[in-house]
Amino acid sequence: MSAQNQSLNENDIRPDDLMDEQKKRMLADIDYLLGFRDQFVDVGCPACKSTSYRFVFEKFSMNYNTCEDCDTLYISPRPTPEILGKFYANSVNYEYWATHIFPASEEARTEKIFRPRAERVRDLCAKYDMAPETMVEIGAGFGTFGSEVEKLHLVDRFVAVEPSNSLAKKCSDRGLETMNMPIEETNFEDNSVDVVCSFEVIEHIFDPSSIFETCHRILRPGGLVIVTNPNGHGFDVVAAPQHSTTVDVEHLNYYNPKSMRVMFERTGFEVVEVMTPGVLDAELLHKMFVSGEMKKEDNPFLYQILVEKWEETRDDFQEFLVKHNLSSHMWTIARKV
């Protein structure tokens with residue numbers, strides 16, 4: 001973990017003075033989504049497709065189930081793709097992030113998230129003997145990662161794939177080659193791409209299988225897919241799902257190191273590495289206790305570690321989570337076979 005990443009704290013990326021309004025808008029979004037509740041559909045496991053599951057908990061009137069075969073945590077019943085399209089198009093929460101939170105935190109996000117992310121991708125390409133010429137990012141957002149990749153001169157061609165019209169324009173305005181459509185609708189030739197990246201996207205998708213099938217088609221043999229998403233076995237997801245901001249109605253799928261391998265192997269990839277290099281897990285639960293969202297009696301042992309012994313244990317505890325793939329932020333690197 002770099003010193004730069006270690007200096008990241010939650011207020012850098014979620015400024016405290018903006019989050020009260022964000023929570024109000026998030027609740028308004030939830031009310032809007034639940035207005036379609038009678039149209040939600042039951043689904044099987046998004047990783048292995050098993051229909052054997054156990055109910056784990058309810059949050060925001062959503063059922064969170066765990067797959068009996070690969071332990072993926074997922075929402076079912078869930079909104080259909082059509083409902084999800086309406087939700088994101090009308091989201092007042094996303095609008096607030098785009099107009100207030102992201103601009104206020106852009107410098108910190110670039111320095112402490114996107115630049116290290118681009119450097120990590122560069123290092124992973126070197127580690128797996130990949131000298132990429134063409135790289136594609138699925139769900140490119142504001143295009144910040146692409147800009148950092150281009151500053152590193154990592155590839156000859158970087159393509160931002162972004163289905164949102166407004167975000168695609170942001171990418172284009174940065175000078176990135178941009179495709180304003182889902183990856184499944186792009187016209188990349190078979191075996192023409194070296195690396196596909198996707199950051200914090202697949203947890204939002206009704207069924208990500210088609211994304212990975214498309215990745216397999218367009219990647220050359222040996223090409224890499226690099227994906228980040230929440231870890232369903234991660235610390236705050238397991239220890240405090242009712243309080244965790246990771247567990248929300250936008251995140252339909254919570255894979256884990258085992259189930260990521262299952263999903264990638266099912267779509268023609270070999271997983272070469274899974275890691276959880278998170279830096280905020282301990283701080284997030286520390287703040288939950290300090291704010292009163294969680295009480296000492298909820299988990300006296302965690303209270304001891306994360307409050308009473310905070311200054312002594314914070315770094316060691318976070319390093320423990322990272323070392324044992326228990327952070328809630330997960331990276332998976334897979335190679336086309």
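Which side chain makes a polar contact with the side chain of Asp281? The side chain of Gln318 does, at 2.9 Å; a polar contact is a pair of N or O atoms within 3.5 Å, where within protein one must be able to donate a hydrogen and the other to accept it, and residues adjacent in sequence count only if both atoms are side-chain atoms. Welcome to this predicted model, in which local features need pLDDT of at least 70 and side-chain atom pairs count only at pLDDT 80 or more, while totals for chains, interfaces and linings use all residues. Residues are numbered from 1 along each chain as its sequence is written, and side-chain values use heavy atoms, with hydrogens and water left out.

**Overall picture**

- The protein has 13 helices and eleven strands; these are DSSP runs numbered from the N terminus, with helices being H or I of at least four residues and strands E of at least two.
- A compact globule of 337 residues would have a radius of gyration near 20 Å, and the 19 Å of the protein agrees with that; the value is taken over C-alpha atoms, and the globule rule is 2.2 Å times the number of residues to the power 0.38.
- Along the principal axes, the C-alpha atoms fill a box of roughly 55 × 50 × 40 Å.
- Of the 337 residues, 53% count as buried, meaning under 20% relative accessible area, with exposed being over 50% and partly exposed in between (1.4 Å probe, protein chains only).

**The seven-stranded sheet**

- Seven strands make an open sheet with mixed pairing, in the order β6-β5-β4-β7-β8-β11-β10; two strands pair if DSSP finds at least two bridges between them.
- Because β6 (177–179) and β10 (269–275) stand at the edges with a single partner strand each, one side of each has no neighbour in the sheet.
- On average, neighbouring strands of this sheet are turned by 20° against each other, direction ignored.
- Strands β5 (residues 157–161) and β6 run parallel and are joined by three bridges, and Met179 in β6 is the bridge partner of Val161.

**Helices across the sheet**

- Helix α8 (residues 209–218) lies across β4 (134–138), β7 (193–199), β8 (219–230), β10 and β11 (329–336), and runs at about 150° to β8; axes are lines fitted to C-alpha atoms, for helices over the stretch in contact (heavy atoms within 4.5 Å), and angles run from 0 to 180 degrees between N-to-C directions.
- Helix α10 (residues 257–266) lies across β8, β10 and β11, at about 160° to β10.

**Nonpolar cores**

- The largest nonpolar core has 32 residues, and Phe188 and Phe264 have the most contacts inside it; such a core is a set of buried Ala, Val, Leu, Ile, Met, Phe, Trp, Tyr and Cys residues joined through side-chain atoms within 4.5 Å.
- Helix α8 gives the most to this core, with four residues.
- Not counting residues up to four places away in sequence, Phe264 touches residues including Phe212, Val225 and Phe269.
- Another core, of 26 residues, lies apart from it, with Leu124 and Val195 among them.

**Back to Asp281**

- Asp281 lies in helix α11 (residues 281–291) and is buried, with a relative accessible area of 4%.
- Beyond residues up to four places away in sequence, Asp281 touches Phe235, Asp236, Gln318, Leu321, Ser327 and Ser328.

**A hairpin**

- Strands β1 (residues 53–59) and β2 (residues 62–67) pair in the antiparallel sense over six bridges, and Met62 in β2 is the bridge partner of Lys59.
- The hairpin has two residues between its strands, and Phe60 takes a positive phi near 55° there.
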